[in-house]
Amino acid sequence: MKRAFILGTVIFSVASALNAQVYKTATGNIKFVSKTAIEEFSANNDQVTAAFSPKSNAIAFRVPVNSFQFKSALMQKHFQENYMQTAEFPFSTYSGKLEDFAAIQTASANFSKNGTYDVITKGTHEMHGVKKDITVPGKITVANGTITLSATMNVLCSDYGINIPAASKKSVSDNIDISINCPLELAKEKKKK
Amino acid sequence: MGLQISMKMNKKRIILLIAAIVGLGIVYGIYMYFKPASVSSTGEPDFNINLTTWLNDLDADTAATSTFSAYINKSIKFDAYVSDVVGDSSITLMLSPGKEESPIEVYANFDASMKKEVEAVVAGDAVTLQCICNGLEIPSTDPSDEGMALLDDLGSKQLKLSRCHLINHSKKESDLSVSREHETSETSENNENPQ
């Protein structure tokens, strides 16, 4: 009985410790595409910071907006200076939680069982100084200790105070397609400051 | 009569001149429209930085969010040590100013097309880089925002650099001494067993 109690305590402590771990990356990827009848362009960003905690069901992203790489120098300049005003708003962020967290936790055996799980996240997206509550469907893929967060979503530039000049409306879409792919790993322990 | 001919010729020249200016403007506009964005920072940097001093100043600066705006989208050149190499489609070097732990995590991203330039770089190597500053991530002060608290990893600031260019690279000393030992042992083997 005593042995069973000690064994149970050890297993519980280990499980709690694993559950307390945070999965993070500082090199996640976000790509966006603008598509109109006359022009299509895209930009890529490999410097997304993302984190997920299986314990608190908190999920977050921070995107350095200046890191978006375009093919055209002129588009990159206009994006940074005129549309996103990156000197004033250098980051776009998202902070939220997963819906049906308990069900996903069970299905994935507390995010340890390999597989792809459909999820929905609800939270606050801040971009260009404007905050909006959003709901985004996505996927969590568990593979050998790595958790990958992926999703596709649309944002309207006008919702975030991003003004597209009349002269550019035929070549720059208000509706932007965004795809997110962030493989996370267990964060290393750090000394508290 | 002579005056009329002269006036007609002047008009022609003016029209040709205006057409040439407009034509050059169109050509310049097309060139600028199709000019590819730079994937790495080259040329004269906006700032030559001592990384140790800069990171210590940024770490101590309580108004770093506004101070740092002077560096956004500017190029900086600096020396550093590589503490880790991460990334898949593109390479990111995690850097520190010295062998000890850095007060701020520094991430220097190379475009996917520059992968070959940095594939020989490993943790422990010394590098000289020129990069574009993208942002300084400051920990959130909102204790109720659990998501942001996750990102901020016990209070660390993160410095994000991209479009990096590797100017200089020296292997870490242990690698150099291993290769020297290897050369020495090869030489002595050859001396013992001449072919």
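**Strands, a barrel and a helix**

Colleague: Which residue of β5(A) stands opposite A:Thr93?

Modeller: A:Thr93 stands opposite A:Glu126 in β5(A). Please keep in mind that this is a predicted model.

Colleague: How do you know that strands β4 and β5 of chain A are paired?

Modeller: Two strands pair if there are at least two bridges between them. Residues 91-98 (β4) and 115-127 (β5) of chain A are joined by 6 bridges, so they count as paired, and they run antiparallel.

Colleague: What joins β5(A) to strand β6 of chain A?

Modeller: Those two are linked by 13 bridges in the antiparallel sense, β6 being residues 130-143. Within that pairing, A:Gly123 stands opposite A:Ile134 in β6(A). The two strands form a hairpin with 2 residues between them, and A:His128 in the turn has a positive phi of about 55 degrees.

Colleague: Which strands make up the closed barrel?

Modeller: The barrel has 8 strands in the order β1-β2-β3-β4-β5-β6-β7-β8 of chain A, with antiparallel pairing. From one strand to the next, the twist averages 25 degrees.

Colleague: Which residues of helix α2 of chain A are called buried?

Modeller: Buried means under 20% relative accessible area. In α2 (residues 73-83), the buried residues are A:Met75, A:Gln76, A:Phe79, A:Gln80 and A:Tyr83.

Colleague: Why do you say they line one face of α2(A)?

Modeller: Seen down the helix axis, the buried residues fall within an arc of 130 degrees, so they line one face. In general, an α-helix has 3.6 residues a turn, so residues three or four places apart point the same way.

Technical notes. Residues numbered from 1 in each chain as written. Chains lettered and ligands numbered in written order. Predicted model: local features only at pLDDT ≥ 70, side-chain atom pairs only at ≥ 80, totals over all residues. Heavy atoms only, no water. Helix = DSSP H or I, 4+ residues; strand = E, 2+ residues; numbered from the N terminus. Axes fitted to C-alpha atoms, helices over the stretch in contact; angles between N-to-C directions. Buried < 20%, exposed > 50% of the residue type's maximum accessible area, 1.4 Å probe, protein only. Arc of directions from axis to C-beta.
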